[in-house]
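Subject: the model to look at

Hi,

Here is the structure I promised to pass on.

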Amino acid sequence: MGKRVLLIEDEPNIIEAIGFILSRDGWTVYTHQDGHTAMAKVLALPPDMIILDVMLPGRSGFEILRELRSTDVTKDIPVMMLTARGQEKDRDLALRLGANHFMTKPFSNSDVRDYVRAMMDA
Amino acid sequence: MKPPAKPPVFLERASYRQRRLGDAGRFLPVLGAVLWLIPLLWASDGPETPSKAGMVTYIFVIWLVLIGLAAVLSRLLPDTDQPSDDTRR
Amino acid sequence: MVSFNILILVSLSYVAVLFWVAFLAERRAATGRANWLRSPVIYTLSLSIYCTAWTFYGAVGYAARSGLEFVTIYLGPTLVMVGWWWVLRRLVRIGRAQRITSIADLISSRFGKSRLLGVIVTLIAVVAATPYIALQIQSVTLSLAVFAEHEGAFWTDGDFARAAMWFAGGLAVFTILFGTRNLDANERHHGIVMAIAVEAVVKLFALVAVGVFVVWGLGGGAAQMMARIDAANLDLWDQSGSRWVGLIFVSAAAFICLPRMFQVMVVENDDESHLRVASWAFPAYLLAMSLFVVPIAVMGLELMPAGSNPDLFVLTLPLSQGANGLAMLSFLGGFSSATSMVIVATIALATMVSNHIVVPLWFALQDDQQGALPGDVRQLTLLARRLSIAGVLALGFIYYRLSGGGTALAAIGLISFAGSAQVLPALIGGIFWRGATRPAAAAGLLTGLVVWLWTMFLPSFGPGAVIPAAVFADGPFGIGWLRPEALFGIGGIDPLVHGILWSMLLNAVVFVGVSLVTFPSPLERLQGAQFVNVFDHSAGTRTWSRPVADAEDLLLMSQRIIGRTEAQRIFAREAARQGTPGRLPKATPDFIARLERELGGSVGAATAHAMIGQLTGGSGVSVEDLIAVADEAAQILEYSNRLEAKSAEQEATARALRDANAKLTALSIQKDAFLSQISHELRTPMTSIRSFSEILRDGGLSAEDHSRYAGIILDESIRLSRLLDDLLDLSVLENGQVVLRPQTGRLSALLDRAIAAAGLHERNLTILRDRDAEDIEITADLDRLVQVFINLISNAAKYCDAKNPALTIRISRAKGQHRIDFLDNGIGIAAQNQELIFEKFSRLADESKAGGAGLGLAICREIMRRLQGDIIYLRGTSGTAFRVTLPMVSEPVAS
C-alpha cells in the first residue's frame, strides 16, 4: 500500500484523471470535494501529502492552506496547489502561505506524477 | 454542463458486490427486528415455555450476532466519501 | 460506612476532573491538536448519553417490575445503529452538507426554511424533554438521600429541594461555560463531548463493576446465577406482545428524534466514517449496559428487604453488603449518567430555543423600532443561548418540584420518548420523499402533539390532576369516542401502546395526506431535492443558483477588517441604496466593487482584492493569460492528434478542439473586459481533455476504460466549444459590431421556428401556447429574436425538474409593448439570484454548470436591449419565468 495522497478538488473529471495518474503510480488516493469540510477530512486521515484546488465550493483553497499551516498536526504535510487561474499573484500568495508547489491547469500528467514523487521523497 | 452519464445496465463485478453489500446493510435491522419478535411466539405459561435464563440468553445471543454482523459489514461497506458510492453506480 | 461528607467531596472532585477534561479538550481543539478528540471511539462514547440515570438506576427497577421488557429500550436503538446505512448515514450527510444545528433546524430547513416548523419542533422538544430532565434531577437527589439515610439522617422535603437546586445550578454553570464558549458555525463542542465520553466510561465501568460483584461476589458465578434467575420470583415475560413491539418501535424512533441524540449523532459529528465504527460499537455498549440488569434485579429481590425501592438496587445492594467503595463508584456512575444527559439535552434545547424563538423574536421587535442595523448578532445569540440554558434547567427543576418526585415521574420516561418521536414522520418523510410539504409537516406535527398531549402526557399526572376523572370515564363533554385512554371507542389496549399507536398513526396519515393535496413553494422544492438527493449532490454538483459570496460572508469579513460599526454602516447604506433598508444588501457586482474600495482604504487595495477574491471566487485575468490559454489549446490539439486509436469519438474530439482553437485565437484579439473572467471556465474542461488524452496516449487500458475516457474527452470538448461559441457571440454583441436586419413576421411562425430548433426531441417538454394571441406582426431582427426564444425554450427543457415538465408561452401587451412570457412548472430561481442569472457566469457558484447556463441569458439580455426591448425575470410565479418585451413600433436604431 503506497503513501496516502489527499486530493481536494471539486471537478469530477479532474478528480478521476489525477486519481488515475497517481494510483497507477502506486499512491493511495483519497478525494474530497467540499471546501468547508476539507480540514476535518485532513485531520481524520491525515494524508502524507495534499493536492489542493484553489476554487472550491464552500471555502477557498488558500483559506484551507492557511489553516493547514497553522495547525500543528498538519503544518508539515506537503501541499501542492492547483489552480485554473494561473496568475502570478496567486502563485505568490500560495507560496507565501506555505504551499510546497504550485501548478496551473491544464497540467501535464507526467508533471503531476514527478512533483508528487519529488515531494514525497523530500 | 457535463450531461450525467447514463448508468450502465450491467455493473462490473466489484461495484455489483458493493451494491449488494449496501443491501445487506439495509437488511440487517430487518433481520434483527424479526429475530427479536420471535419471543412473541413463546407460550406465556406452560410446559413449552423456555426457561427464564433461556429467554435472557436468547435475547443477548441475537444481540451479539447483530453486533458481529454489523462490525463485519462496517468494514466492507464502501467509503461514503468516495464518489464511487452513489453517483457512479 | 461512607461518610456523607466524603461522598460530597468525591462528587465535587469528580466534577472538577470533568471541568479539567473539558477545558483541556477545548484548548487542544483550539490549537488544532485535536486528532484524538475526533476519533470514532469518542464519537461512540458520546452516543452513550442515550443511557441516562433512567437506565443506570431505572433499568434494574424496570426489570424487577416488568421482567425482560426493560430491554426493549436498548433493542430499538441497536436496530437503528446496525441499520446506519439506511437512515443515519443519510441524516449525518445532510446535517453536514446543510450545516444543520439541531433537529428543529433540520425540519425547518427541509421544508423551505420555515420559521413556524422550527417553533413547533422546538416546542415539542421542550415539552417532551422537561420531565426527562426532572427525572435526572430526581435520580441524583434520591441517590444522595440513600447515602444520607445510610448515615442515619432522613431527608426532609427541604433537603431534597436544596440538593436539587444545587445540582441544577451547578449543571447550568458547567453547560454555560463549555456550551457557549464560542459560536462555532458548526455548533461543535469538543470540551463537552470529551467530558461526556469520560462519563460514558465511568458509568459503564460502574454498572459492570456492580454486576460483577453481584454475579461473582454474591451470586456464586455465572452458572449459579442462571439457576437463580430461573428460580427467581420474577415474571420475566408477562408483557403483552403489543407492548414489546410498541416499545421497540418508540425507542428506535426516539433514538433518532431526541434532540440530545441528534446533537451528538449529527451536529457534533466530525467525520462520517465515525458512524461506521459506532454502528457496531454502540450496540456493544448498550449490550454491556444491559447485561447485568437482570442478575442485579434478581439478587436485589432476593437479598433486600421486601418493599425496598428496586430503582435503587444498584446503589443499595452494595451498601447493604458493606461494599462501600463500590457503592461510591455506583453513585458516580449514576451521577455521570444524569449529568451528561442533562448537559447535552440542555445545549440541544437551548440551541433550538435561541435560534428558532428568541433570536427571530428579537429581530422582529427590532425591525419595528428602528429597522436599520442587524446589530451585534454574535453577542445576541450567545446571550440568548445562555438564557435558554438557564431557562431549560429551571423548567426541569420546577417540574421536579411540582410533580413532587415519586413514581409518577419515573413512568414519564417512555411518555417523553413518545413525545419526541412525533418528529419522526416529518423527519423520515423529509429526507426520503420529495413530495413532503411544509403544511403537511406542520399539520402532522401538530396532530401528533395534540394526540400525544391528550392521550399520554396529560393523563400521566393521574385522573383528576389535569384531566378530570369524569373525562377519563365519559370523554370531554360526554363525547365517548374522545376518552383519552380509549380514542374512537377502542378501549382495552395498554394505555401506552394506545397513545403511541394513535399519535403516530394520525400524525403520519395527516402528514402524508396533506402532502398529497398541497403544493410546495419553490424554496421548499429546492431544499427537498437537496435533502432527498444528498448523495448525488454532495458529489460535486451544487445548486446553480447560489452566489459565491453571501452578503453575510462579506459582512463578517468586513467586520474583521474595519470593525463592526464601520462595516455595518457601509452595509446599511448599501441596503438603503438597493431599496431594502433593514436587511442585508444583495451582493451585486457593483456593491462588491464598492466594498472592495472601502476595505482597500484600511488594508490596502491588494489585500482587499485578494480577500474579496477569495469570497467571490472570481479574479481578473489579463489578455496575456488568455493568449496563453489559446496556446495550451493548441497543445491539447496536438496531443489528441497523436492518439493512436481512431475511434469515432476521438475524431469528433479532434475536430471540436481544432474549432475551439480557432475561436480562442479570434477571441483573444477582442480585448474585452469581461474576457478576464473566463480563464477558469476554459481551463477546467481543458484540464480534463489534456489529462485524459495523455492517459489514452500512454495506452494499456481496458477497452471499457478506453471508451469511457474518450467519452469524457468528448463531453468536455463539447462543453469547451459551446462556451467559446457563446463568448464570441456575446463579445460581438457587446462591441456593437452586430448589424441588425429588421424584418417583419408573425410571432406564431417565429415561435414555431424556435421550438423546432430548440432540440426538444430528446426531452419531454410540453409546450402550451395560445395560437390566437400569437397571431400578431412583429418587426425586428427576427433571427436574433428567435435566438432568444430558442435559448429560453432549451433552458426550460434542460433545467425544469418537474415530473412532467411544461412550458407555457403567454402573450400580452401593455404600455406600447408586446410581452412574451415563458413560464415553466419547475422549481424556479431563488429570489436573491434572479438578477444574477443575467450576469456573465462568474457570479454563479456552480462552476461546473457555468458552461451551459452562464452566458445564454447574458446574450439574450444583450440582444433584447439591441432590439430596444428587454428580458427580465418574472417574480411571483412558482416556476422559472422570463418576460421578453418588445416595442410595438420599432424606432430606427439609434447608433
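Predicted model: local features only at pLDDT ≥ 70, side-chain atom pairs only at ≥ 80, totals over all residues.

Some housekeeping: residues are numbered from 1 along each chain as its sequence is written, and chains are lettered from A and ligands numbered from 1 in the order in which they are written.

**The five-stranded sheet**

Chain C has an open sheet of five strands in the order 2-4-5-7-6, with mixed pairing. Helices (H or I, at least four residues) and strands (E, at least two) are DSSP runs numbered from the N terminus, and two strands pair if DSSP finds at least two bridges between them. Strand 2 (766–768) and strand 6 (870–873) of chain C are at the edges; each has a single partner strand, so one side of each has no neighbour in the sheet. From one strand to the next, the twist averages 20°.

Strand 6 of chain C runs antiparallel to strand 7 (residues 881–887) of chain C, and four bridges join them. Ile871(C) sits opposite Val884(C) there. Helix 36 (residues 782–799) of chain C packs on this sheet, touching strand 4 (806–814), strand 5 (817–824), strand 6 and strand 7 of chain C. Contact here means C-beta atoms, placed from the backbone, within 7 Å. The direction of helix 36 of chain C makes about 20° with that of strand 5 of chain C; axes are lines fitted to C-alpha atoms, for helices over the stretch in contact, and angles run from 0 to 180 degrees between N-to-C directions.

Helix 38 (residues 856–866) of chain C lies across strand 6 and strand 7 of chain C, at about 140° to strand 6 of chain C. Eight of its 11 residues are buried, so helix 38 of chain C is largely enclosed by the rest of the structure. Among the buried ones are Leu857(C), Ile859(C) and Ile863(C). (Buried means 20 or more other C-beta atoms within 10 Å of a residue's own, exposed 12 or fewer, and partly exposed in between, with C-beta atoms placed from the backbone.)

In the loop between helix 38 and strand 6 of chain C you will find Gln868(C), a residue other than glycine with a positive phi near 65°. Gln868(C) is partly exposed, with 17 other C-beta atoms within 10 Å. Lys815(C) also is not a glycine and has a positive phi, of about 50°; its place is the loop between strand 4 and strand 5 of chain C. Lys815(C) counts as exposed, with 8 C-beta neighbours inside 10 Å.

Strand 1 (residues 743–746) and strand 3 (residues 777–780) of chain C pair in the antiparallel sense over four bridges. Gly745(C) faces Ile778(C) across that pair.

**Chains A and B**

Chain A has a mean pLDDT of 86, with 95% of its residues at 70 or more. The peptide bond from Lys105(A) to Pro106(A) is cis, with omega near -10°. Chain B has two helices and zero strands, and buried residues make up 21% of its 89 residues.

Cheers

How values were computed: Contact = placed C-beta atoms within 7 Å. pLDDT = per-residue confidence, 0-100.
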